[in-house]
Amino acid sequence: MFVIIGYVFMCVCILGAYAAHGGHLGVLWQPSEIVIIFGGGIGAMIAAYGSSLKSIVKALPTVFKGSAYGKTFYMDLFALMFEILSKVRKEGLMSVEGDIENPDASPLFSKYATVAKDHHVIEFICDYLRLMVGGNLNAFEIENLMDVEIEAHHHEAEVPAQFMAKLGDGLPAFGIVAAVMGVVHTMGSLHLPPAELGKLIGAALVGTFMGIWLAYGFVGPLATVLETKVNEGTRIYQTIKVTLLASLNGYAPQVAVEFGRKAMEGHMRPSFLELEEYVKNKKG
């Protein structure tokens with residue numbers, strides 16, 4: 001929603017101020033210039049990111065949606081982690097083997113539908129619980145492996161943001177290309193009357209304007225939104241990491257979950273009492 005609000009506000013300010021000073025909005029509509037700018041930019045990005053186009057196309061609609069990892073998601077995640085770690089502490093690591101081998105059929109995981117539908121998060125939890133059950137790796141080795149996986153996930157997830165950032169960087173240059181081509185066309189039309197030449201020169205200059213406007217007004221903000229979503233996703237794995245490592249180092253489930261709570265961003269972090277009450281209610 002904020003993306004749409006920002007776009008509308010920006011267009012009203014820029015186009016409204018232009019029109020208020022006597023500018024004709026119709027002059028700015030130059031379809032051929034837009035085709036040159038966007039066609040050139042997207043073509044160049046396809047050449048650079050062709051193997052990742054599927055993930056890029058899949059990620060683009062998410063910029064118009066809210067965060068998938070809100071406060072409710074975190075609360076359910078902590079409640080799930082508390083139940084798992086409590087079961088491990090009371091009955092031993094082997095007691096959760098059935099749950100982590102088939103999380104879709106596990107009553108423990110299915111109880112938290114918000115978290116269960118994110119198969120990447122569930123897979124991350126189950127993989128490291130499986131390593132803990134095996135007992136062959138110490139806390140330092142598991143932490144190093146977590147860091148490697150989180151970094152790999154982060155690099156993979158940020159490809160759409162990189163795509164949009166590079167596209168935004170390239171559009172002003174393609175705007176200049178469109179402008180130069182317009183000037184070339186104008187120079188070949190010097191036999192026309194001054195009024196017609198003025199229209200051609202104006203259309204050529206629109207290319208420079210459109211390239212800069214599209215880059216910094218539309219594409220650049222989308223790259224920032226996608227980057228923010230990548231960081232939100234990475235934060236989830238960091239939260240799970242510190243919670244599991246705290247448990248592996250011998251801390252009680254309540255304390256391990258508190259480690260995870262501290263890893264959250266401040267604007268979404270529930271208070272200690274709020275989280276404790278929520279976990280008790282879900283468990284009860």
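Which helices do the buried residues of α12 pack against?

Author: This is a predicted model, in which local features need pLDDT of at least 70 and side-chain atom pairs count only at pLDDT 80 or more, while totals for chains, interfaces and linings use all residues. Residues are numbered from 1 along each chain as its sequence is written, and side-chain values use heavy atoms, with hydrogens and water left out.

Helix α12 covers residues 253-262 (helices are DSSP runs of H or I, at least four residues, numbered from the N terminus). Its buried residues are Pro253, Ala256, Val257, Glu258, Gly260 and Arg261 (buried: under 20% relative accessible area; exposed: over 50%; partly exposed: in between; 1.4 Å probe, protein chains only). These residues pack against α4 (71-91), α11 (194-248) and α13 (272-283), contact being heavy atoms within 4.5 Å.

Leu244 lies in α11 and, with 1% relative accessibility, counts as buried. Leaving aside residues up to four places away in sequence, Leu244 touches Met81, Leu85, Tyr128, Leu129, Met132 and Met146. Tyr128 is 116 residues from Leu244 along the chain, yet their C-alpha atoms are 8.1 Å apart.

Helix α11 also meets α2. The two axes come within 9 Å and cross at roughly 50 degrees (axes are lines fitted to C-alpha atoms, for helices over the stretch in contact, with angles from 0 to 180 degrees between N-to-C directions). The pair is therefore oblique, a term for angles that are not under 35 (roughly parallel), over 145 (roughly antiparallel) or 65 to 115 degrees (roughly perpendicular). The crossing is right-handed, that is, the near helix is turned clockwise from the far one by less than a right angle. Glu33, Ile34, Ile37 and Phe38 of α2 make this contact with Ala203, Ala204, Gly207, Met210, Gly211, Leu214 and Val219 of α11. By class, 8 nonpolar, 2 polar and 1 charged residues take part (nonpolar: Ala, Val, Leu, Ile, Met, Phe, Trp, Tyr, Cys and Pro; charged: Asp, Glu, Lys and Arg; polar: the others, Gly among them).

Helix α2 (residues 31-49) has a further contact, with α10 (residues 159-187): their axes come within 8 Å and cross at roughly 140 degrees. These helices are therefore oblique to each other, and α2 passes α10 in a right-handed crossing. Residues of α2 in this contact include Glu33, Ile37, Phe38 and Tyr49, and those of α10 include Val159, Phe163, Leu171 and Met181. The contact of α2 with α10 has 16 nonpolar, 4 polar and 2 charged residues.

How values were computed:
Helices (H or I, at least four residues) and strands (E, at least two) are DSSP runs, numbered from the N terminus.
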